[in-house]
Amino acid sequence: MKKVLLLILLAACAQGCSQVKAWERGNLAKAEMAFSPDPLEDKIRNHVYHSKEASQTVGAGAGGGCGCN
Amino acid sequence: MQEKKPALAALSTAAMLLNSLAPVANANPPDQKTSVDYRYTNYKEGALEPSKVAEGSTERYTIDIHQVKVKTPVAGDTELTFSGQFETLSGASPWYVLPNADGEAVQVMTGATIDESRAEAGLDFRSYNERSESTLSVSYSGENDYTSFGFGYGGQWRLNKNTSTLSWGLNGSKDYVDATDAELYPGRPTEETKNRLGGYLGFSQVMTKNRLVGITLGVSNLEGYLSDPYKLAWVAGDIIQDSRPTSQNNVNAALRWREFVPAANAALHVDIGYYSNDWEISSGTVDLAWYQNIASNWQVVPSLRYYNQSAAVFYQPFYNQDRADGFYSSDYRLSEFSAVSARLKVARTFDRFYLNFLYENYSASGDHPALLSFDLLSLGIGTDF
Amino acid sequence: MSQALQLHSHRFKAMGSPCELQYYAPAETAGLIFTTTRKRLNQLEQKYSRYLPKSVTSQINSSAGSGETIEVDNETLGLLHYADTLHKQSDGLFDITSGPLRQAWNFRSGKLPSREKLDALLPLIGWQKAEWNPPHFALPLRGMEIDFGGFVKEYAADQLAQILTGQGIEHGLVNLGGDLVIIGPHPDDSPWQVGIQHPRKTNEAIVQLPLHRGAIATSGDYERFMLIEGNRYSHLLNPCSGWPVKPTYAAVTVIAEQCLIAGSFSSIAMLKSEHDQDWLSNSGLAYLSVDQKMQLSGNIIETR
């Protein structure tokens, strides 16, 4: 799986990692291009997945838990 | 060849010093706006098939969740974010599994309907520099039987003319478990604790003017009471308390790909996750989302998530024999299953605020009789000024 | 791959001068680029204008003679250090404490100041009198003042050029009242044509200089002056005597990598030319001078 991730990253780069100029980043600056465009939505969905599935992933923020029966 | 003339040398040096002392223009500072966001979510678990329930209600949890977030600038380069969450839940939950006359696993649900509430509050302090930023976070979560205190500290370095970002963070929590009705149910834990410590490293890169890709690697360790205080296991006719190891080590990796498609005025999100722990659970997640802009102020976002996990080494729906290691858990969360969820979000921005509506349907499939399905409805609204 | 570049030009007034930004960028980014640069320029103006009571300059000036010492921020420290260097390199002619002489010299009046008036002001002038123990600064006498006006515009031009470069601009220029920084040539690699003000004819260029990149600044005896009985009295005052210098040149233009350097050398060359005509040619920089007979000389290759 990790190898797959690495390959995908290399593939992403193979198409050209040319330096993107600041003024060319208009599209990248759009809200929908953010890693997390809606933090509250992500928070609630991740909270649900986290409490109903076994995976314990680590991301930014405080690591508060819950009872989650 | 030509040596620098004294006046030029002296003034050039002074100019160089001046330039090094000049404040550099911020690339992407906190926006100096106060923003307020609110989201209401209704989460409703699907009823279980009656044939799979030996005893108790087939109805499961319904949760109503209110979230607020208020972000406010403190100074030109710092901001404070308060977030609060309040949820009320009611319903029955899976208690234990036993074999029926045919030897098939059937679920026993908790008898009484549980009514509970949970309150969570968090504070993030973000400090920004031209090349880096860091955020200090603290959080609290309280239920009548569970209390959690969390902290986090994370940072980012922007490199390579802001086309690369290196991020890192540490976070942890201390949780206190104090099960209700312990006097009625001997064996339920009281005054147990759980410690969690985690860290992550991430790297993201602007690949082209329409592509941003990031990877994150995380590890965490949990120590303490990791069992479920309200779940039991059927072991050769005996009903015993859910009992899991007191430590768990986790690793996770994530790849996030954002691709803007100018021809469609849309953005594609591809998130791939991998997770593994030393209970021999490993999982993979693929999440695809398409952010379609319509006109200047509408957005429709269909998305699809697929999740698959393997079972914990000690998991069984029920046990015909004792286990040498003494670990027993029949929790559906530790079973092997896969889940598909489909979502649709519609968002509209107005001059002064935004509004969005989200629907999600989640459905898991596998061997456990109480595998989860749920519907989630959510309404978000927010403004900044 | 790259979007079509458009030429954007913004004309506005700042620091008491007509200013101009010209650069090539895609249309949608231009607004942001312009606001970012304007913000920085406003910030510098607010911070160093001697007319604004809250500026650093005003704070220092209003505390003159009070015995109070002001702890300056890093940027101001850099500017004061630069002023100190200017003072040394110009043998005391470029002095940011010369401001009080303005009270005697009103170039609109057509009258020379009285001897008494100048004598009263001269004791208030002299950088060497300032108490400068970085980062602490104080003016010991009531009525003393400092003014960064002699080079802050050039510094601002460098700062704006740096912001534009940081935003990915490769073709453009910054012009703050004639203090110019050329970031890079037009996208077809053709140079910008920089007109050098004719010292005696308003709004007319004495020469056009094609410039691909670099900074250019001009100092002249025509900026503020009065003619009395055929004698030209300009704003280029000698801080020791309180009287205008009699420069050999009508104007000096200097080209350097930084506008601050170009501006400093053109100013010092004007001030020094009364007694030392070789200082400029020995400076090691590219220059163009116009003498009082409007004859051009210098080491810049002319193309008309």
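Modeller: Start with helix 1 (residues 6-21) of chain B and helix 3 (residues 74-89) of chain C, whose axes come within 8 Å and cross at roughly 170°. Keep in mind that this is a predicted model. An angle over 145 degrees counts as roughly antiparallel, and helix 1 of chain B and helix 3 of chain C are therefore roughly antiparallel to each other.

Who does the touching? From helix 1 of chain B you have Ala7(B), Ala10(B), Leu11(B), Ala14(B), Ala15(B), Leu17(B), Leu18(B) and Leu21(B). Helix 3 of chain C answers with Asn74(C), Glu75(C), Leu77(C), Gly78(C), Leu79(C), His81(C), Tyr82(C), Thr85(C) and Gln89(C). Sorted by class, this helix-to-helix contact has eleven nonpolar, five polar and one charged residues.

Now zoom out to the chains themselves. In total, 16 residues of chain B are in contact with 23 residues of chain C. On the chain B side of that contact, twelve residues are nonpolar, two are polar and two are charged.

Chain B also touches chain A, and there the contact takes 77 residues from chain B and 41 residues from chain A. The chain B side of this one has 29 nonpolar, 33 polar and 15 charged residues. As for chain A, its secondary structure comes to two helices and zero strands, and 46% of its 69 residues count as buried.

Strand 8 (residues 132-142) and strand 9 (residues 146-159) of chain B pair in the antiparallel sense over eleven bridges, and they form a hairpin with three residues between them. If you want a landmark, Thr135(B) has Gly154(B) in strand 9 of chain B as its bridge partner. Strand 9 of chain B is also joined to strand 10 (residues 164-177) of chain B, by 14 bridges, and these two run antiparallel. Here Leu159(B) stands opposite Ser164(B) in strand 10.

On to chain C, which has an open sheet of eight strands in the order 1-2-6-7-10-13-14-15, with antiparallel pairing. The edge strands are strand 1 (6-14) and strand 15 (296-298) of chain C, each pairing on one side only. Direction ignored, neighbouring strands of this sheet are turned by 15° against each other on average. Helix 5 (residues 152-166) of chain C packs on the sheet, where it touches strand 2, strand 6, strand 7 (179-184) and strand 10 (214-220) of chain C. The direction of helix 5 makes about 20° with that of strand 7 of chain C. Within the sheet, strand 2 (residues 17-25) and strand 6 (residues 172-176) of chain C pair in the antiparallel sense over five bridges, and Leu21(C) has Val174(C) in strand 6 as its bridge partner.

Chain C also has an open sheet of three strands in the order 3-5-4, again with antiparallel pairing. Strand 3 (70-71) and strand 4 (131-133) of chain C stand at its edges with a single partner strand each, so one side of each is left without a neighbour in the sheet. Three bridges join strand 4 of chain C to strand 5 (residues 136-138) of chain C, and Trp132(C) has Phe137(C) in strand 5 of chain C as its bridge partner.

Conventions. Residues numbered from 1 in each chain as written. Chains lettered and ligands numbered in written order. Predicted model: local features only at pLDDT ≥ 70, side-chain atom pairs only at ≥ 80, totals over all residues. Contact = placed C-beta atoms within 7 Å. Nonpolar A, V, L, I, M, F, W, Y, C, P; charged D, E, K, R; others polar. Pairing = 2+ DSSP bridges. Helix = DSSP H or I, 4+ residues; strand = E, 2+ residues; numbered from the N terminus. Axes fitted to C-alpha atoms, helices over the stretch in contact; angles between N-to-C directions. Buried ≥ 20, exposed ≤ 12 C-beta atoms within 10 Å, placed from the backbone. Parallel < 35°, antiparallel > 145°, perpendicular 65-115°, else oblique.
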